[in-house]
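These are my notebook entries on one structure. I set down each item as I looked it up.

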Amino acid sequence: MAKKEETDDVSLWERLDRPAAAPRASLTPGRIAEVAIGIADREGFAAVTMRKVAAELGVAPMAAYRHVDGKDELWALMIDRVSGELEPAAEVSGWRETLSAYALRTREMMLRHPWLAHMPAPLFALTPNRMAAAERQLASLDGLGLDVDTMMAAFRAVNAYVHGATQSEAALRQYMAEQGWQSADETRRGLAPQMSYLMETGRYPTYRRYTRGAARKDDAAWQFETGLDCVLDGVAGLVERGTSGRA
C-alpha cells in the first residue's frame, strides 16, 4: 500500500486507472460499491458505513480501506456505479432527444435508488460516469450557435428540473410510506382535514379548481414529462435564436 503522503493529491479515479495487481474477487472497488448500494437501497443512505460494507463482504474494515479511502470515496463510487445506468441507446441523437432521454433515465434511476436525494450535492459531478453523461448532453448542444456558457446554462437548467422534480416525487413516496398510506386516495384522505379547511377559506380559487377538475393528478410520469417539455421548449427558444444569429 502506498504511503499516505504519496496518495494525498491523487484522485480516486486516477488511482483506479492505474495498473494494479489482481485483487481478491470479493474485494474490488466495484464490488464494494455494489454492496454499499444494496445496503442503501434496503436501509437508506444513513445505514451505509465502511464497517457494514466490510461485514457484508466478509472482510476486515481495514481491507476495504485499502481500496476506498473513507466515506467520501465510498459515496463517489456508489454514485458513479448507479450513474452507469443513465446511458441511453446509441441511436438517440439530436439535442432534444438526448436531453429528454437522459432526463427520463435519471428519474428512473433516482426513484430506483431514492437515497440519491440525500447524497452530498458536490459528489454528483466529478465521477467518470457522471462526466460521461454530462459530456454527451453538452455535445448534443454543441454546434447549434450557442456559446459555451449558454450551453452549460441550458444543460444545468434541464438537470435542475429533473433532480428537483424527482426529489419531490421521491420525498412524497417516503412520506406516504411513513404515514402508512399505500395509494393516492389514502394520501388525499389523510391530508383532507388540512386541504378542506384551506380550500374553504376561498383564498385559493385556482388551486381549488385544479383539485376538483384535474384528470392527471395521480399520473406522476405525465406530470414529469410535461414539465420537462416546458423546460426543453425554453432551450428550443435559445437554439432557435442561436441558429438565427448564425445564419
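Entry 1. Which residues in α7 meet which residues in α8? I find that Trp95, Thr98, Leu99 and Tyr102 in α7 meet Ala132, Ala133, Arg136, Gln137, Ser140 and Leu141 in α8, contact meaning heavy atoms within 4.5 Å. By class, this contact of α7 with α8 has six nonpolar, three polar and one charged residues. I count Ala, Val, Leu, Ile, Met, Phe, Trp, Tyr, Cys and Pro as nonpolar, Asp, Glu, Lys and Arg as charged, and the others, Gly among them, as polar.

Basis of the entries. The model is predicted, and local features need pLDDT of at least 70, side-chain atom pairs count only at pLDDT 80 or more, and totals for chains, interfaces and linings use all residues. Residues are numbered from 1 along each chain as its sequence is written, and side-chain values use heavy atoms, with hydrogens and water left out.

Entry 2. Two packed helices are described by the angle between their axes and the distance between the axes. Axes here are lines fitted to C-alpha atoms, for helices over the stretch in contact, and angles run from 0 to 180 degrees between N-to-C directions. Angles under 35 degrees count as roughly parallel, over 145 as roughly antiparallel, 65 to 115 as roughly perpendicular and the rest as oblique. I record the crossing of α7 and α8 as left-handed (the near helix is turned anticlockwise from the far one by less than a right angle; right-handed if clockwise).

Entry 3. How do α8 and α9 cross, and at roughly what angle? Their axes come within 10 Å and cross at roughly 125°, helix α9 being residues 148-179. That makes α8 oblique to α9. I note this crossing as right-handed. On the α8 side the contact is made by Arg130, Ala134, Gln137, Leu138 and Leu141, and on the α9 side by Met151, Met152, Ala154, Phe155, Asn159 and His163. These residues divide into seven nonpolar, three polar and one charged.

Entry 4. I followed His163, which is found in helix α9. Is His163 buried or exposed? At 14% relative accessibility, His163 counts as buried (under 20% relative accessible area; exposed is over 50%, partly exposed in between, with a 1.4 Å probe and protein chains only). I also looked up His163 and Thr106, which are 57 residues apart in sequence and 8.0 Å apart in space, C-alpha to C-alpha.

Entry 5. I next examined α3 and α6, which pack at an angle of about 85°, with their axes 9 Å apart. That makes α3 roughly perpendicular to α6. From α3 the contact takes Pro29, Gly30, Ile32, Ala33, Glu34, Ala36, Ile37 and Ala40, and from α6 Leu74, Leu77, Met78, Arg81 and Val82. I find ten nonpolar, one polar and two charged residues in this contact of α3 with α6.

Entry 6. I searched for aromatic pairs, in which rings of Phe, Tyr and Trp (its six-membered ring) have centres within 6.5 Å; planes under 30 degrees apart count as stacked, over 60 as edge-to-face and the rest as tilted. By this rule the count comes to four. The ring centres of Phe45 and Trp75 are 5.1 Å apart and their planes are at 50°, so this pair is tilted. Phe45 lies in the loop between α3 (29-43) and α4 (50-57) and Trp75 in helix α6 (residues 71-83), so the pair ties together parts that are 30 residues apart in sequence. Phe45 is buried at 17% relative accessibility, and Trp75 is buried at 13%.

Entry 7. I checked Thr187, placed in helix α10 (residues 184-200). Thr187 is buried, with a relative accessible area of 9%. Leaving aside its neighbours within four places in sequence, Thr187 is in contact with Met176 and Trp181.

Entry 8. Ser11 sits in the loop between α1 (4-7) and α2 (12-17). Ser11 is partly exposed at 35% relative accessibility.

Entry 9. Lastly I took the chain as a whole. How many helices and strands does it have? There are twelve helices and zero strands, taken as DSSP runs numbered from the N terminus (helices H or I, at least four residues; strands E, at least two). Of the 247 residues of the chain, 36% count as buried. Of the contacts with a separation of 6 or more, 71% are accounted for by residues 24 or more positions apart.
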